[in-house]
Structures are given as structure tokens and as C-alpha cells.
Amino acid sequence: MAEIVNFNKARKARDKAAAKAQAVRNRAAHGRPKAETQQARLERLARDRALDGHRRDRDPERPNDD
């Protein structure tokens with residue numbers, strides 16, 4: 001026979017786990033000094049520029065080249 005599940009408790013447990021995950025993300029984003037945050041931002045921008053610099057342009061001869 002199947003185990004009886006209290007949907008109210010299951011919902012609350014799911015919401016609590018989601019709130020903990022959000023708290024971890026918030027601590028990572030907001031719990032750092034300003035200089036460290038700016039350094040991470042600059043590193044992310046440099047990675048994005050490097051990736052964009054390696055992007056190949058589409059060939060105008062082949063419009064459906066996905």
C-alpha cells in the first residue's frame with residue numbers, strides 16, 4: 001500500500017528548501033565586500049568579451065544555417 005502524504009507538509013518542506021536555496025544565492029551575491037563584487041563583475045565581463053570575440057559570423061549565403 002502507498003504511503004500517506006500530507007500535502008500541506010510536503011508543500012511547506014518544498015517551500016522551505018526553495019527559501020534556503022535563495023538564501024544561499026543571496027549570501028553569495030550580497031555578502032561580499034564591494035571590491036570583491038566589482039572584481040567578480042569585471043571577470044565576468046572579460047569572459048563574456050572573450051567568448052563574443054570567438055563567435056563566428058553567419059554566412060550570408062546560407063540564411064538557414066542554425
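**Ground rules.** I number residues from 1 along each chain as its sequence is written. The model is predicted, so I ask for pLDDT of at least 70 for local features and 80 or more for side-chain atom pairs, while totals for chains, interfaces and linings use all residues, and side-chain values use heavy atoms, without hydrogens and water.

**Fold.** I looked up the secondary structure and found 2 helices and 0 strands. Both terms are DSSP runs numbered from the N terminus (H or I, at least four residues, for helices; E, at least two, for strands).

**Surface.** I noted an accessible surface of about 6,800 Å² for the protein, with 53% of it belonging to carbon and sulfur atoms. The area comes from the Shrake-Rupley method with a 1.4 Å probe. Of the 66 residues, 0% are buried (under 20% relative accessible area; exposed is over 50%, partly exposed in between).

**Salt bridge.** I searched the whole structure and got 1 salt bridge (a side-chain nitrogen of Lys or Arg within 4 Å of a carboxyl oxygen of Asp or Glu). Arg 14 pairs with Asp 15, and their closest N and O atoms are 3.4 Å apart. Arg 14 counts as exposed because its relative accessibility is 54%; Asp 15, at 37%, is partly exposed.

**Charge patch.** I found a positive surface patch made of Arg 32, Arg 41, Arg 44 and Arg 47. Patch residues have over 30% relative accessible area and no salt bridge, with like charges joined within 9 Å. Arg 47 sits in helix H2, residues 34-53, and counts as exposed at 53% relative accessibility.

Terms used:
Patches are made of residues with over 30% relative accessible area and no salt bridge: like charges are joined within 9 Å, nonpolar side chains (Val, Leu, Ile, Met, Phe, Trp, Tyr) within 5 Å. Lys and Arg count as positive and Asp and Glu as negative; His and the chain ends are not counted. The place of a charge is taken as NZ of Lys, CZ of Arg, CG of Asp or CD of Glu. Buried means under 20% relative accessible area, exposed over 50%, partly exposed in between (1.4 Å probe, protein chains only).
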